[in-house]
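Biologist: Could you walk me through the residues here that deserve a second look? I'd like to go through them one by one.

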Amino acid sequence: MTTSGGGVTIDVRSVSKWYGNVVAVNEVSARVGPGITGLLGPNGAGKTTLLHMIAGLAAPSDGEVLALGEPVRDNPPLYRRIGFMPESESVYGMLTGRGFVELAAELHGLDPVGPPVERALETVGLSETQGRATGTYSRGMRQRARLAAALVNDPELLLLDEPLSGTDPRQRIEIQDVMRRLASRGRTVLVSSHILEEVEVVADNILLMVAGKLAASGNLAAIREKLDERPYHVRVVCGSSRSMAAALIGLDAVGSVTVDDESSLTLLTDSIAALQRSLPRLAKERDIRLFRVEALDESLESVFGYLVEGR
């Protein structure tokens, strides 16, 4: 998949990564261009491993990764064109906010460091608190300091691993605005998250990962349409599960019904809305007390399981 025009910034070619018998990334191919792309998946899906390979921090066990038209592994000149904000909180509490960003600038070989550091701090809104030790920062402020460090070299490609973790609503909006400004300048931003709502606010395109595989890719409209086709498991707790099952099995929206016990049943439906309309009516007609209705598989793991395996 290539995002908005302007060529391909990231080219992942049949990449796999394994650690002993554990396969972290399995035969992933993807192409990403300028703009904001979301890398979405549940925890343990392989997102961080893939980002590390794109950043050149880990070598693929198989396949190849190119960034900005060059192989990323063992390519120090290329790293000066990439910004990477890892998921782990690598902030040195004894350093001030400014000192932390200056360290990143020096590691990139910037000279002088002053102007780029000031620009990065201003971009993330830490100019007024840059003299404080990062150990006194809130979690959200530390996230912004790490983002400033990733931005100090004015990267053409920015890789962000769960950047909104620990931020409050205002800080999330500010970080999302930074991503948008970079994208408007033709830069490429690849941002990972396990929360769909975080990604869809800023990203025009997404890569969906589960269990090390690429489950789907494309624009949000296409992904949403595919998710809308997904059947849902629903548990109904009521006064008589067998009577309710007999009533439900005749509904077009219900694919199957399994009686769990005297007061509980599980059904498969492709329309939660239709089920919500029908259940109260059926309960009233059959004089069945309705206690609880709950979707059982709203987690990202189940969503991606459906996309990968068609279930």
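**Backbone and burial, residue by residue**

Biologist: Is Glu 162 buried or exposed, and at what relative accessibility?

Modeller: This is a predicted model, where local features need pLDDT of at least 70, side-chain atom pairs count only at pLDDT 80 or more, and totals for chains, interfaces and linings use all residues. Residues are numbered from 1 along each chain as its sequence is written, and side-chain values use heavy atoms, leaving out hydrogens and water. Buried means under 20% relative accessible area, exposed over 50% and partly exposed in between, with a 1.4 Å probe and protein chains only. Glu 162 therefore counts as buried, at a relative accessibility of 6%.

Biologist: Nice! What is the phi of Glu 162?

Modeller: Glu 162 sits in the loop between β7 (157–161) and α6 (169–184); helices (H or I, at least four residues) and strands (E, at least two) are DSSP runs, numbered from the N terminus. For this non-glycine residue, phi is positive, near 50°.

Biologist: Why does Leu 68 count as buried?

Modeller: Leu 68 belongs to the loop between β4 (62–67) and β5 (70–71), and its phi is positive too, near 55°. Leu 68 counts as buried because its relative accessibility is 19%.

Biologist: Which residue's backbone oxygen does the Ser 241 side chain reach?

Modeller: Ser 241 lies in helix α9 (residues 241–248) and is buried, with a relative accessible area of 0%. At 2.4 Å, its side chain reaches the backbone oxygen of Asp 261.

Note on methods. Polar contact = N/O pair within 3.5 Å; in protein donor to acceptor, adjacent residues only side chain to side chain.
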